[in-house]
Each structure stands twice: as structure tokens, then as C-alpha cells.
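This report describes how some parts of one protein chain are arranged. Look at the structure first, then read the sections in order.

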Amino acid sequence: MRLDPPTLEAGCAALADRSDALAALYERNGTPPLWRRDPGFPTLVKLVLEQQVSLASGAAAYRRLQLRLGEVTPEAFLALNDEELRAAAFSRQKARYVRGIASAIVDGDLDLAALGTLDDADAAAVLTGHVGIGPWTASNYLLFALGRPDVWPTGDRALVVSMARALDLADPPRYPDADEMAGEWSPWRAVAARLLWHDYLGGSAYDPTSFS
């Protein structure tokens with residue numbers, strides 16, 4: 001199943017029936033946006049650029065890359081040298097990550113289209129088998145690009161901050177604890193994440209995942 005507006009509404013209603021905290025978010029903010037991304041290489045590049053930096057910083061780097069390449073493809077990315085990538089605000093580490101991902105796609109070792117035929121665990125395992133794609137990146141790809149309804153993006157700071165507010169906790173939970181707590185929201189963990197992100201943004205429809 002892929003999340004769409006009707007299934008997102010169904011997930012919100014199911015979570016509101018189960019959790020007073022999520023029901024309060026749903027009542028306060030309404031249905032959260034889907035915040036979709038297109039499956040493919042550009043979305044993986046965006047997610048790598050977002051790792052451990054602000055969304056604004058990631059957006060700025062991606063726009064520089066777009067200005068240089070026009071269409072962001074694995075082949076075009078591999079044609080860039082180190083100096084050109086530095087000019088696009090790629091760190092040495094992130095340049096290495098994305099080069100590895102691009103090479104894997106060109107060589108046929110990473111088939112992004114085939115991920116849609118796999119279950120969540122297998123798709124995540126394929127992605128995390130490549131350097132530069134950790135659990136956070138893989139889960140966000142499944143959540144945003146593939147629309148999986150029961151994926152929880154472990155290691156997301158905004159989510160644990162929002163969880164602390166929603167659940168009236170003294171401090172944001174540690175990531176393993178947040179993962180365990182989110183298990184109670186299965187099979188709608190990706191919907192719960194959207195409710196929490198939406199509240200973190202003050203109920204705004206602003207798309208923090210958009211780079212264009």
C-alpha cells in the first residue's frame with residue numbers, strides 16, 4: 001500500500017482512536033501534508049545533503065548542483081570533478097557518498113525502481129548496503145519517495161522533539177527509545193511521523209522536504 005490522501009486520512013483517524021496524544025495533534029492541526037518526493041537518484045542526493053545539516057543548507061547545495069547540471073542524473077554527477085563539487089557545497093564525504101551511489105546505479109548494482117517490489121525491511125537493506133545510506137536516509141526514502149505507511153525514520157531530531165511535546169516528556173527520548181515507543185503506532189508509523197512533523201512546524205503546510 002502507498003500512502004495517498006484517502007489512506008493518510010484513514011491512518012490519522014486510526015491513530016487518533018488509539019492515542020490521545022496523536023488525537024490532540026490531529027484535532028489541533030488537521031491532516032498533515034503527504035510531503036511526497038519523486039522516487040529516484042535526485043531524491044537520494046537530497047537526502048544525503050540533508051544528513052546532519054539544516055534543510056536550508058541541504059536545499060542550497062542541491063540548487064547549486066541543479067544550476068550546474070540542469071538535470072541531476074547519476075551520469076552527469078559522475079562527470080563532475082572535486083573542484084566542481086566543492087563549488088556546489090559538497091563536502092568531501094558527501095561527494096564520496098553520492099559518487100558511490102551514482103556509480104552503483106550506473107553499474108546496475110542499485111536498482112531504485114526495483115525497490116517498489118520489496119517489503120520495507122528488504123528495501124531498507126538494499127539501500128543501507130551502500131556507503132552513505134544509513135537507516136535515517138533509507139527510511140526517509142521509503143517514507144517520502146515510496147509512500148510506505150509503516151516506516152519510522154529513526155534518528156530524526158525533529159521527531160523526538162515533537163514526541164516530547166506531544167507526550168509531555170521532560171526531555172526528547174533517546175532514538176532507540178523513540179523507535180520502541182513508535183512501535184505502538186504500527187501499522188501507521190509513517191502517518192504518526194507526519195503528524196509529529198506537522199506539529200513541529202506549527203501546523204504549517206510548508207514543505208520542509210522541497211528543494212525547488
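## Two loops

P187 sits in the loop between α11 and α12. The model is a predicted one. S186 and P187 are joined by a cis peptide bond, with omega at about 10°.

Another loop, between α2 and α3, holds W35. W35 is not a glycine, yet its phi is positive, at about 50°.

## Helix α12 and helix α10

Two packed helices are described by the angle between their axes and the distance between the axes. Helix α10 covers residues 157–166 and helix α12 covers residues 189–200; they pack at an angle of about 85°, and their axes are 9 Å apart. α10 is therefore roughly perpendicular to α12, since angles from 65 to 115 degrees count as roughly perpendicular.

Which residues make the contact? On the α10 side they are A158, L159, V161, S162, M163, R165 and A166, and on the α12 side A193, L196, W197, D199 and Y200. Sorted by type, the residues of this contact of α10 with α12 are nine nonpolar, one polar and two charged.

## Helix α12 and helix α9

Helix α9, residues 135–145, also packs with α12. Here the angle is about 90° and the axes are 11 Å apart, which means that α9 is roughly perpendicular to α12.

From α9, the residues N140, L143 and F144 meet A190, A193, R194 and W197 of α12. The contact of α9 with α12 divides into five nonpolar residues, one polar and one charged. A193 and W197 of α12 are among the residues that meet α9, and both are also listed in the contact with α10.

## An aromatic pair

A pair of aromatic rings is described by the distance of the centres and the angle of the planes. There are five aromatic pairs in the structure. One of them is formed by W35 and W197, with 6.5 Å from centre to centre and 75° between the planes. The arrangement of W35 and W197 is edge-to-face, because planes over 60 degrees apart count as edge-to-face.

W35 lies in the loop between α2 (20–29) and α3 (41–50), while W197 belongs to helix α12, so the pair ties together parts that are 162 residues apart in sequence.

## The cavity

Rolling a probe the size of a water molecule over the atoms shows where empty space is left. How many cavities of 30 Å³ or more does a search of the whole structure find? The search finds one. The largest cavity holds about 30 Å³ of space.

Its lining consists of W152, P153, T154, G155, D156, L159, V160, Y175, A178 and D179. The elements giving two or more residues to this lining are α10 and α11 (175–182). The largest share, three residues, comes from α11. By type, the lining of the largest cavity has six nonpolar, two polar and two charged residues. L159 is one of the lining residues, and L159 of α10 also takes part in the contact with α12.

How values were computed
Residues numbered from 1 in each chain as written. Predicted model: local features only at pLDDT ≥ 70, side-chain atom pairs only at ≥ 80, totals over all residues. Heavy atoms only, no water. Axes fitted to C-alpha atoms, helices over the stretch in contact; angles between N-to-C directions. Helix = DSSP H or I, 4+ residues; strand = E, 2+ residues; numbered from the N terminus. Parallel < 35°, antiparallel > 145°, perpendicular 65-115°, else oblique. Contact = heavy atoms within 4.5 Å. Nonpolar A, V, L, I, M, F, W, Y, C, P; charged D, E, K, R; others polar. 1 Å grid on protein atoms, 1.4 Å probe; cavity = no way out; pocket = protein on both sides within 12 Å on 5 of 7 lines; lining within 4 Å. Points joined across faces, edges and corners; volume = space filled by probe spheres on them. Phe/Tyr/Trp six-rings, centres within 6.5 Å; stacked < 30°, edge-to-face > 60°.
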